Amino acid sequence: IDPSSVHWVEAAGNYVELHVGDQTYMLRATMKEIENRLGGIDFARIHRSTIVKKDQIKGIYPAMNGDKNLILKDGSEVRLSRRYTSNLELI
């Protein structure tokens, strides 16, 4: 899978789910391994279990406890943790 086609990544136990368009692919890897493979410029780790491609972010909304929710262009909603806010350069 071409890294530029990945929209977002979610941890799933000992696997990660790569969301590519309307398809989801399971891969046995850690989030750290995937984060290193994807590179840092186009992608941001926004939670211990989530990495998003920055150009897939449609909106940012407040959530509880200082966290935020991101709405992605495909309609998915993911949590932006306070701990990882600095990884995401707001557009």
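Leaving aside its neighbours within four places in sequence, which residues is Gly21 in contact with? I looked, and the contacts are Ser5 and His7. Contact here means heavy atoms within 4.5 Å.

**Ground rules**

I note that this is a predicted model, where local features need pLDDT of at least 70 and side-chain atom pairs count only at pLDDT 80 or more, while totals for chains, interfaces and linings use all residues. Residues are numbered from 1 along each chain as its sequence is written, and side-chain values use heavy atoms, with hydrogens and water left out.

**Entry: more on Gly21**

I found Gly21 in the loop between β2 and β3. Strands in these notes are DSSP runs (E, at least two residues), helices likewise (H or I, at least four residues), and both are numbered from the N terminus. Gly21 counts as partly exposed because its relative accessibility is 37%. My scale is: buried under 20% relative accessible area, exposed over 50%, partly exposed in between, with a 1.4 Å probe and protein chains only. I also checked Gly21 against Lys73: they are 52 residues apart in sequence, and their C-alpha atoms are 9.9 Å apart in space.

**Entry: the hairpin around Gly21**

β2 and β3 form a hairpin with two residues between them, and Gly21 in that turn has a positive phi of about 60 degrees. Strand β3 covers residues 23-27, and five bridges join it to β2 in an antiparallel run. For strands to count as paired, DSSP has to find at least two bridges between them. I looked for the residue opposite Val20 and found Gln23 in β3.

Gln23 got a line of its own. It is partly exposed, as its relative accessible area is 41%.

Next I went back to β1 (residues 8-12) and β2 (residues 15-20), which pair in the antiparallel sense over five bridges. Ala11 has Val16 in β2 as its bridge partner. These strands form a hairpin too, with two residues between them, and Gly13 in the turn has a positive phi of about 70 degrees.

Not counting residues up to four places away in sequence, Asn14 touches Arg28 and Ala29. Leu72 is 58 residues from Asn14 along the chain, and their C-alpha atoms are separated by 24 Å.

**Entry: further down the chain**

How many residues lie between β6 and β7 in their hairpin? I count five, and Asn65 in that turn has a positive phi of about 60 degrees. β6 (residues 57-62) and β7 (residues 68-72) run antiparallel and are joined by five bridges. Across from Pro62 stands Lys68 in β7.

Then I moved on to Thr85, in the segment after β8 (77-80). Thr85 is partly exposed, since its relative accessible area is 30%. Thr85 and Asp67 are 18 residues apart along the chain, with 8.5 Å between their C-alpha atoms.

**Entry: the whole protein**

The order along the sequence is β-β-β-α-β-β-β-β-β. The radius of gyration is 12 Å, close to the 12 Å that the globule rule gives for 91 residues, so the protein is as compact as a globular protein of that length. That radius is taken over C-alpha atoms, and the rule is 2.2 Å times the number of residues to the power 0.38. Along the principal axes, the C-alpha atoms fill a box of roughly 30 × 20 × 20 Å.

Of the 91 residues, 37% are buried. Among contacts with a separation of 6 or more, 29% come from residues 24 or more positions apart. The protein exposes about 5800 Å², with carbon and sulfur atoms supplying 47% of it; the areas come from the Shrake-Rupley method with a 1.4 Å probe, and for residues only the protein chains shown count as cover.

Last item: charges. I have 13 positive and 12 negative side chains, and the centres of the two sets lie 6 Å apart. Lys and Arg count as positive, Asp and Glu as negative, and His and the chain ends are not counted. Each charge is placed at NZ of Lys, CZ of Arg, CG of Asp or CD of Glu.
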